[in-house]
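Subject: Structure handover and findings

Hello,

Here is the structure for you to look over. Please open it beside this email as you read.

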Amino acid sequence: MKRKIYDQLLLWKERRKGKSAMMIEGARRVGKSYIVKEFAQKEYKSYILIDFFKVGDDVKDLFRNYKDNLDMLFTYLSTYLYIPLYMVPCL
C-alpha cells in the first residue's frame, strides 16, 4: 500500500511540474503525514509540512489573507517557519 501511494505522489509531481499544491485528507492515524514527509524529504530540496489541526491561528491567518497571492504566502511561511524555499524551474 505504501509503495502504491508513493507512486501516486511521484505521478502527481511529474504531471504538475510544480504548478500546484496538494492537500492530503483521510482517516486518522493511517500514515498520511508519514508518507508525505518521506516523499518531501526524498523528492525536494526543501518543503513545508503544515498540519492544520496543530498549527496556530497566526499561520492559518496567512492562508486566509494571502490565498490570492501565493508568492507572499510562501514568503511569509518560509520566514515564519525558518525554512528556506527554492524555486522549481517550470518547463
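Below are the notes on the fold, the salt bridges, the pockets and the surface.

**Ground rules**

This is a predicted model: local features need pLDDT of at least 70, side-chain atom pairs count only at pLDDT 80 or more, and totals for chains, interfaces and linings use all residues. Residues are numbered from 1 along each chain as its sequence is written, and side-chain values use heavy atoms, with hydrogens and water left out.

**Fold**

The protein chain has 4 helices and 0 strands. Helices (H or I, at least four residues) and strands (E, at least two) are DSSP runs, numbered from the N terminus. Along the sequence the pattern reads α-α-α-α. The C-alpha atoms fill a box of roughly 35 × 35 × 20 Å, taken along the principal axes.

How much of the protein chain is buried? Buried residues make up 13% of its 91 residues. Here buried means under 20% relative accessible area, exposed means over 50%, and partly exposed lies in between (1.4 Å probe, protein chains only).

**Salt bridges**

The structure holds 4 salt bridges. The term stands for a side-chain nitrogen of Lys or Arg within 4 Å of a carboxyl oxygen of Asp or Glu.

- Asp7 counts as partly exposed because its relative accessibility is 36%. Arg3 is at 53%, so Arg3 counts as exposed.
- Lys13 has 26% relative accessibility, so it counts as partly exposed. Glu43 is partly exposed too, with a relative accessible area of 25%.
- Asp61 is partly exposed, at 34% relative accessibility.

**Pockets**

Rolling a probe the size of a water molecule over the atoms shows where empty space is left. The search runs on a 1 Å grid over the protein atoms alone: a pocket is an open set of points with protein on both sides within 12 Å along at least five of seven lines, and lining residues have an atom within 4 Å of a point. Unlike a pocket, a cavity is a set of points where a 1.4 Å probe fits but cannot get out. Grid points are joined across faces, edges and corners, and a volume is the space filled by probe spheres set on the points.

The largest pocket has a volume of about 2200 Å³. It is lined by 50 residues, and the closest to its centre are Ala21, Met22, Ile48, Leu49 and Ile50. H1, H2 and H4 each give two or more residues to this lining. H2 gives the largest share, 8 residues. By type, the lining divides into 29 nonpolar, 7 polar and 14 charged residues. Ala, Val, Leu, Ile, Met, Phe, Trp, Tyr, Cys and Pro count as nonpolar, Asp, Glu, Lys and Arg as charged, and the others, Gly among them, as polar.

The second largest pocket holds about 180 Å³ of space. Of its 13 lining residues, Ile5, Val30, Gly31, Lys32 and Ile35 are the closest to the centre. H1 and H2 each supply at least two of the lining residues. The largest share is again from H2, with 4 residues. The lining divides into 8 nonpolar, 2 polar and 3 charged residues.

**Surface**

Which residues form a nonpolar patch on the surface? They are Leu70, Phe74 and Leu85, with about 260 Å² of accessible area together. Patches are made of residues with over 30% relative accessible area and no salt bridge; like charges are joined within 9 Å, and nonpolar side chains (Val, Leu, Ile, Met, Phe, Trp, Tyr) within 5 Å. Accessible areas come from the Shrake-Rupley method with a 1.4 Å probe, and for residues only the protein chains shown count as cover. Leu70 is in helix H4 (residues 70-81). Leu70 is partly exposed, at a relative accessible area of 48%.

Lys19 lies in the loop between helix H1 (2-16) and helix H2 (32-43). Lys19 counts as exposed because its relative accessibility is 60%. The C-alpha atoms of Lys19 and Leu9 are separated by 14 Å, and the two residues are 10 apart along the chain.

Best wishes
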